[in-house]
Amino acid sequence: MKKETVIVLDFGGQYNQLIARRVRECNVYCEVKPYTVSLDEIKDLEPKGIIFTGGPNSVYDETSPRYEKEIFELGIPILGICYGAQVIAHTLGGVVKTAPVSEYGYTEVEINAADVIFEGVSEKTVCWMSHTDYIETAPEGFKVTARTSVCPVAAMACPERNLYATQFHPEVMHTAEGMKMLSNFVYKVCGCCGDWKMDSFVETTIQNLRKRIGEGKVLCALSGGVDSSVAAVLLSKAVGRQLTCVFVDHGLLRKNEGDEVEAVFGSNGSYELNFIRVNAQQRYYDKLKGVTEPEEKRKIIGAEFIRVFEEEAKKIGAVDYLVQGTIYPDVIESGLGKSAVIKSHHNVGGLPDVVDFKEIIEPLRMLFKDEVRKAGLELGIPEHLVFRQPFPGPGLGIRIIGEVTEEKVKIVQEADFIYREEIAKAGLDKSLGQYFAALTNMRSVGVMGDFRTYDYAVALRAVNTSDFMTADAAQLPWEVLNKVTNRIVNEVNGVNRVVYDCTGKPPGTIEFE
Ligand code: XMP
């Protein structure tokens with residue numbers, strides 16, 4: 001049976017992924033498509049509903065994104081949000097104008113007509129606005145269903161044609177009853193029944209993988225991160241020992257991490273697969289000797305990973321499939337234009353060139369990160385792996401400012417271990433976006449007992465973030481910082497000072513290099 005699908009038609013808004021995630025939170029499968037997708041492609045997908053996203057344009061610009069009018073004749077329910085609402089109004093003969101004042105931020109909206117989208121929603125409710133233009137007059141056949149002090153048409157509806165629109169953003173959490181509105185759209189307007197559930201995803205994916213792979217051999221690069229772990233376990237459940245996982249320990253992992261990965265996936269672990277751990281620590285330390293420039297370090301670590309993997313792949317010989325842990329945000333983002341390279345990210349993108357294989361398998365291609373985690377739990381993967389905070393591919397190599405040495409790796413591993421332990425004890429580990437210790441290349445004078453010391457400073461970082469593109473420095477309780485500082489200077493040799501990084505992103509980045 002075909003899975004029910006809602007399409008998010010992307011008009012360039014910053015919340016396009018978020019809308020899709022919210023729809024999936026309603027247990028309805030949702031895909032993001034660019035506004036350039038053809039009408040035929042849309043028809044082929046047989047969506048239960050379509051959501052037009054916001055966007056930075058004005059419908060009056062000649063070049064601004066639109067969609068052909070025929071989309072409104074398909075009989076498929078449509079919800080337009082912000083710019084998407086204006087596209088509907090403009091295309092169907094309503095009036096869109098520059099608002100006398102822009103509305104930005106929390107805004108009170110008054111629901112002033114009975115409407116299925118607002119069923120169960122309070123008459124006055126808070127929503128999130130972000131617009132310059134607004135709909136002044138709704139097209140013929142539409143009723144105005146909500147207003148604000150600025151917007152005469154904060155929402156409109158034409159139930160006869162299944163067309164709905166809101167000037168505000170129901171998908172962001174600042175709109176208090178936004179989830180109710182989206183759920184009304186997918187269930188009450190589109191008639192979805194909610195068949196997107198993680199247990200059935202896991203089950204059907206395993207069955208499909210088994211069918212696709214047959215007797216074939218599969219190779220997977222395992223990093224210990226949540227994506228590659230979930231991908232590996234899916235494959236292991238599907239084809240067992242036809243799968244080989246290669247885990248490269250580059251010596252730049254957190255304390256005990258290599259052993260933890262081995263404990264889960266190695267011969268004493270609970271999965272059926274072939275596990276190879278490559279202890280390449282010394283190779284990396286040799287390559288990184290004397291290198292201080294961040295981008296050069298990143299490139300060396302990435303290139304060495306490919307080389308180590310290539311050597312292992314040669315030993316294994318030809319395989320049929322190579323597994324990649326690509327997830328949905330990567331798929332959506334790779335469809336967009338190129339932005340400036342701030343940091344060259346380490347990923348497994350170079351692997352296809354060095355492995356002798358026939359096809360790539362990407363079992364997580366359609367999942368958001370939170371869904372990958374749900375799938376991980378469904379598969380019985382230990383929570384410490386499923387909820388592991390993000391860890392950059394180049395590892396501690398970019399958390400040691402300047403030259404990387406074995407001794408410095410040890411220092412940062414110990415300091416980071418203490419920091420993580422205390423954060424967990426304080427019950428903050430689940431609420432912070434990311435936190436870690438880094439080793440600065442600054443040495444300074446201190447006093448320990450009656451002696452002068454001249455040692456390194458460790459920097460502590462903790463951020464709150466929802467998307468890792470922007471972040472705020474977390475306001476950690478002073479007692480926690482104090483405790484961590486005392487423990488680090490007392491327990492870690494070579495450190496006599498601890499500093500806390502108060503910088504947001506921008507202007508900083510989350511990592512130091
Ligand atoms: P920045 O430092 O750019 O980091 O603010 C944003 C997020 O990305 C992670 N990060 C990486 N992840 N390979 C990765 O897989 C990398 O090379 C890499 N560099 C940074 C970082 O930990 C943060 O979560």
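I began with burial: 54% of the 513 residues of the protein chain count as buried (buried means under 20% relative accessible area, exposed over 50%, partly exposed in between, with a 1.4 Å probe and protein chains only). This is a predicted model, where local features need pLDDT of at least 70, side-chain atom pairs count only at pLDDT 80 or more, and totals for chains, interfaces and linings use all residues. Residues are numbered from 1 along each chain as its sequence is written, and side-chain values use heavy atoms, with hydrogens and water left out.

**Entry: overall fold**

I looked up the secondary structure and found 14 helices and 18 strands in the protein chain (helices are DSSP runs of H or I with at least four residues, strands runs of E with at least two, numbered from the N terminus). The radius of gyration is 26 Å, close to the 24 Å from the globule rule for 513 residues, so the chain is as compact as a globular protein of that length. That radius is taken over C-alpha atoms, and the rule is 2.2 Å times the number of residues to the power 0.38. Along its principal axes, the C-alpha trace spans about 80 × 60 × 40 Å.

I then turned to contacts (heavy atoms within 4.5 Å). Of those with a separation of 6 or more, 75% join residues 24 or more positions apart.

**Entry: surface and charge**

The protein chain exposes about 23,300 Å², and carbon and sulfur atoms supply 49% of that (Shrake-Rupley method, 1.4 Å probe; for residues, only the protein chains shown count as cover). I compared the mean positions of the 57 positive and 72 negative charges: they are 3 Å apart. Lys and Arg count as positive, Asp and Glu as negative; His and the chain ends are not counted. Each charge is placed at NZ of Lys, CZ of Arg, CG of Asp or CD of Glu.

**Entry: salt bridges**

My search of the whole structure gave 32 salt bridges (a side-chain nitrogen of Lys or Arg within 4 Å of a carboxyl oxygen of Asp or Glu).

Arg277 pairs with Glu262, with the closest N and O atoms 2.7 Å apart. Arg277 sits in strand S12 (residues 274-279) and Glu262 in helix H7 (residues 257-265), 15 residues apart. Arg277 is partly exposed at 22% relative accessibility. Glu262 is also partly exposed, at 34%.

Lys358 meets Asp320 at 2.6 Å, N to O. Lys358 is in the loop between helix H10 (328-334) and strand S14 (359-361), and Asp320 in the loop between helix H9 (294-316) and strand S13 (321-323), so the bridge ties together parts 38 residues apart in sequence. Lys358 is exposed at 64%, whereas Asp320 is buried at 18%.

Lys425 bridges to Glu422 at 3.1 Å between the closest N and O atoms. The two are three residues apart in helix H13 (residues 406-425), about one helical turn. Lys425 is exposed at 58%; Glu422 is buried at 5%. I followed this pair into a network of salt bridges that links Glu421, Glu422, Lys425, Lys483, Arg487 and Glu491.

**Entry: Phe11**

Where does Phe11 lie? I found Phe11 in the loop between strand S1 (5-10) and helix H1 (16-25). Phe11 is buried, with a relative accessible area of 2%. Leaving aside residues up to four places away in sequence, Phe11 touches several residues, including Tyr35, Phe52, Pro56, Pro65, Tyr67, Tyr83 and Val87. I also checked Glu136, 125 residues from Phe11 along the chain: their C-alpha atoms are separated by 21 Å.
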